[in-house]
Amino acid sequence: GKRKRSNTSVLYDSDESQDSDILVRKVFAKRRCIMDEDDSSEEQQPDKACSTENVSTRKHKVFAKLKELARKSATRRSCSSASWEDSNSEAEIEEEPLGCLRLTPKEGSETDSDSMQDFIVEEDEDNDNDDDNNTEHVKSENQPQQKQLNTSNSELLSYYIPQLPRCDHYVHFKRIVKAFLINAVDDTFLSSLYDGTRQKKYAQDMLLSLHYLDDRFIQPRLENLFARSRWKDRYKERVDCYPEVRIILKNPKNMSCQACELKRYCKFNVLLSGQLYNSKTLEVDDFMSNDKQVLKVGVVCANRTRVYHNLKHFKYKLYVDCSTVAGSDVIEDEPVKDTVERLFNHLEESGWIQKRYNDLEDCMEDADSFQEEK
């Protein structure tokens with residue numbers, strides 16, 4: 001093989017005297033290249049900067065994933081609660097610094113813990129302790145801010161939306177009963193309430209509760225019952241017009257159902273009767289007061305008719321009952337306000353109001369649980 005060249009070099013060490021010619025062998029260490037310190041430092045700096053950028057980018061991605069996961073869990077919890085408070089909590093999550101973002105015990109549920117395993121970053125224990133301390137400090141600072149935000153939101157709602165309902169459902173129901181008692185004594189009360197004549201706070205509260213009963217309790221469920229059925233519009237209009245209904249079992253007959261107009265095994269007669277009335281003022285229309293309708297329907301349409309009719313005409317029947325109570329206990333020359341308060345207190349103490357409210361809840365529950373017609 002070829003002879004390798006030696007890395008050593010032979011030099012002559014020449015002193016001042018030219019006579020001393022002594023061979024001196026100097027051995028140099030093996031190295032590939034010689035670099036100045038300035039060059040090496042310049043090359044090492046980009047490496048350090050690159051590694052720093054990689055770490056910061058990696059942390060930023062991890063915290064972004066944690067932030068997204070926290071937002072999703074907050075969204076899942078918001079299905080049952082008030083929307084204003086949920087929006088405040090989401091705003092806090094978005095504004096919280098990335099370095100201090102942590103999941104609370106409620107957010108770290110059992111279902112979330114498995115999905116979080118892919119995003120957990122192991123760091124030094126000292127850093128973890130510092131982060132925990134920082135998190136506790138941020139939480140302690142956020143608590144008074146959260147209270148201030150909730151207070152300010154409620155104040156904004158009450159200022160910009162003064163008619164927003166902010167009381168219990170039973171409170172609304174008691175206001176409605178009192179309004180019906182007043183109208184039973186003074187039959188112009190409801191009409192003056194709806195036309196805007198009465199502007200006092202108690203009257204506006206009653207009007208708000210009446211709208212709440214119609215728009216929140218009754219009408220959405222009626223629309224849902226009709227949308228999930230195969231009823232024809234003509235049958236629905238008949239059920240809406242007559243406040244009284246009787247569903248009678250008769251001999252079965254294979255025929256077209258008069259509710260959905262489909263071929264059914266019909267064995268129920270739906271007997272509709274009663275006087276037409278105004279849905280707001282509850283004033284009765286005497287036109288064709290003795291009119292009746294008899295319709296033969298199938299089993300499903302008969303059951304749906306019962307649920308729909310009970311909810312549709314609940315308010316009118318409640319008013320009729322209040323009028324009956326007011327008419328049976330009248331004291332001559334008693335002021336209207338005193339009469340209403342006396343009757344209302346008697347109905348509340350006897351449990352009559354609570355019983356009727358339970359009846360309303362039963363009607364709403366029947367409407368909510370009614371299955372969609374296949």
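1. First, a term: a residue is called buried when its relative accessible area is under 20%, exposed when it is over 50%, and partly exposed in between (1.4 Å probe, protein chains only). By that rule Asp240, at 17% relative accessibility, counts as buried.

2. A word on what you're looking at. This is a predicted model, where local features need pLDDT of at least 70 and side-chain atom pairs count only at pLDDT 80 or more, while totals for chains, interfaces and linings use all residues. Residues are numbered from 1 along each chain as its sequence is written, and side-chain values use heavy atoms, with hydrogens and water left out.

3. Now the overall picture. The protein has 12 helices and 7 strands; these are DSSP runs numbered from the N terminus, with helices being H or I of at least four residues and strands E of at least two. Of its 374 residues, 29% count as buried. Take the contacts (heavy atoms within 4.5 Å) between residues at least 6 apart in sequence: 68% of them join residues at least 24 apart.

4. On to charge pairs. Side chains of opposite charge can pair when their charged atoms come close. Here a salt bridge means a side-chain nitrogen of Lys or Arg within 4 Å of a carboxyl oxygen of Asp or Glu, and the structure holds 12 of them.

5. Back to Asp240, which pairs with Lys236 in a salt bridge at 3.0 Å, N to O. The two sit 4 residues apart in helix H8 (residues 233-241), so about one helical turn separates them. Lys236 is partly exposed, at 23% relative accessibility.

6. Other bridges reach further along the chain. Glu341 forms one with Lys178, with the closest N and O atoms 3.2 Å apart. That pair links distant parts of the chain, since Glu341 is in helix H11 (residues 336-349) and Lys178 in helix H5, 163 residues apart. Glu341 is partly exposed, at 31% relative accessibility.

7. Lys315 and Asp214 make another salt bridge, their closest N and O atoms being 3.0 Å apart. Lys315 lies in helix H10 (residues 314-328) and Asp214 in helix H7 (residues 201-227), so this pair ties together parts 101 residues apart in sequence. Both Lys315 and Asp214 are buried. There is also a network of salt bridges, linking Asp321, Lys355, Arg356 and Asp359.

8. Ala179 is buried, at 0% relative accessibility. Which residues does Ala179 contact, leaving aside its neighbours within four places in sequence? They are Phe189 and Met206. Asp205 is 26 residues from Ala179 in sequence, and the C-alpha to C-alpha distance is 10.0 Å.

9. Two loop residues have backbone angles to check by eye. Glu261, not a glycine, has a positive phi of about 60 degrees; its place is the loop between strand S3 (244-256) and strand S4 (263-273). Leu282 also has a positive phi, near 65 degrees, and lies in the loop between strand S5 (276-277) and strand S6 (284-285). Is each one buried or partly exposed? Glu261 is partly exposed, with a relative accessible area of 41%, whereas Leu282 is buried at 4%.

10. Glu365 is found in helix H12 (residues 352-369).
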